[in-house]
Amino acid sequence: MKKLSVAAALLTLLGMGAAHADDYPNRPIRMLLPFSAGGGGDTLGRILAERFSAELKQPVIVENKPGAGGTIGIAAVARSAPDGYTITVGGMTTHILSPSVYKDLPYDPIKSFTSLGAIGNSAIMVVANNNFPANDIEGLKKLAESRKDPIQYASWGIGSTGHFCGEVMVQKGNLKMQHVPYKGTTQIMTDIKGGHIDLGFVDMATATPMVTQHKVKGLAVCTKRSPSVPEVRSYKEQGIDFDRDLNWAMYVPAGTPQPIVDRLSGTLEKVLKEQEVIDKLLGLGISARYVAGPAHQRANVADIEAWRVVAKEAGITPQ
């Protein structure tokens, strides 16, 4: 009798889960972004939030939670209920690079999340004030050699993709530079425009509109040259032997019911085929390219190991 009761209870729970998935979504969805408001990652998230809201017929409310290279916000997503009502946008920093630089990461970049799919490829741009004396990596080398103190560069946190790209330039370009971690890219751009720091290593979503509007200038792109700012040469084109893909993706907490994952993944795939979305993303330096969640998750596992090697070579050690 007891066994029958347990079985009945399990069937009831499974039935409730299925009904919940069938009814999804029946209330607003939270998009928790690990980026500062006004930055490139925030802009990307809001573009997707608007389209998801239209497709899912429910408001998608953006909440910003930046800090520690994005790990604070992403950890909050990992702790959220796996019910499809918390979604996020993650980048290289949050899911690939952080395991290389944080000993006690408050989440597992693979096991704590289910990937809804890759959004597309992007890059990191090295930007400077329009009056900065160097215009490219060769100019940076000459400037660094002429200065007593190292050139200071900003990224959005220790272990961020910007930090990695900066240290790769230091190691492979033999440049004398000093890292200054910021909380987010918005403040970096403010300080670059104000001439308060030499260089900023920021995502293309942040850099592209600032460079195309001539508010700052681009010196180099880590890694591949971007179609949105084609005049700025890549690392490899400027003598830095480094060339790897950098991706954006969408995630939900692990354990989210598969029917809900399928609904969200299908929505992402659909909106990434829309010309308006493609054009908006390109304006942020992102080449839209959907990759299904399972394939993207497998790629993440391989990328974590590959970037650990980069971290070791670049001298980035766990904090």
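**A buried aspartate and the salt bridges**

I started with Asp 203, whose side chain reaches the backbone nitrogen of Thr 206 at 2.9 Å. The model is a predicted one. I placed Asp 203 in strand β8, residues 199-203.

Next I looked for a charged partner. Asp 203 is buried and has no salt bridge. The nearest side chain of opposite charge is Arg 46, 13 Å away. I then listed contacts beyond four places in sequence: Asp 203 touches residues including Gly 40, Gly 41, Trp 156 and Trp 248.

I turned to the charged pairs. The count is 14 salt bridges.

I checked Glu 274 with Arg 51 and found a salt bridge at 2.8 Å, N to O. This pair links distant parts of the chain, 223 residues apart. Glu 274 sits in the loop between α9 and α10, Arg 51 in helix α2.

Arg 147 and Asp 198 meet at 2.9 Å. Arg 147 lies in the loop between α5 and β6 and Asp 198 in the loop between α7 and β8, so the pair ties together parts 51 residues apart in sequence. Arg 147 is partly exposed at 28% relative accessible area. Asp 198 counts as buried at 17%.

Lys 236 and Asp 241 form a salt bridge at 3.8 Å. Asp 241 is exposed, at 52%.

Last, I traced shared partners. Arg 51, Glu 55, Lys 270 and Glu 274 are joined into one network of salt bridges.

Definitions and conventions:
Residues are numbered from 1 along each chain as its sequence is written. This is a predicted model: local features need pLDDT of at least 70, side-chain atom pairs count only at pLDDT 80 or more; totals for chains, interfaces and linings use all residues. Side-chain values use heavy atoms; hydrogens and water are left out. Helices (H or I, at least four residues) and strands (E, at least two) are DSSP runs, numbered from the N terminus. Buried means under 20% relative accessible area, exposed over 50%, partly exposed in between (1.4 Å probe, protein chains only). Lys and Arg count as positive and Asp and Glu as negative; His and the chain ends are not counted. A salt bridge is a side-chain nitrogen of Lys or Arg within 4 Å of a carboxyl oxygen of Asp or Glu. A polar contact is a pair of N or O atoms within 3.5 Å; within protein, one must be able to donate a hydrogen and the other to accept it, and residues adjacent in sequence count only if both atoms are side-chain atoms. Contact means heavy atoms within 4.5 Å.
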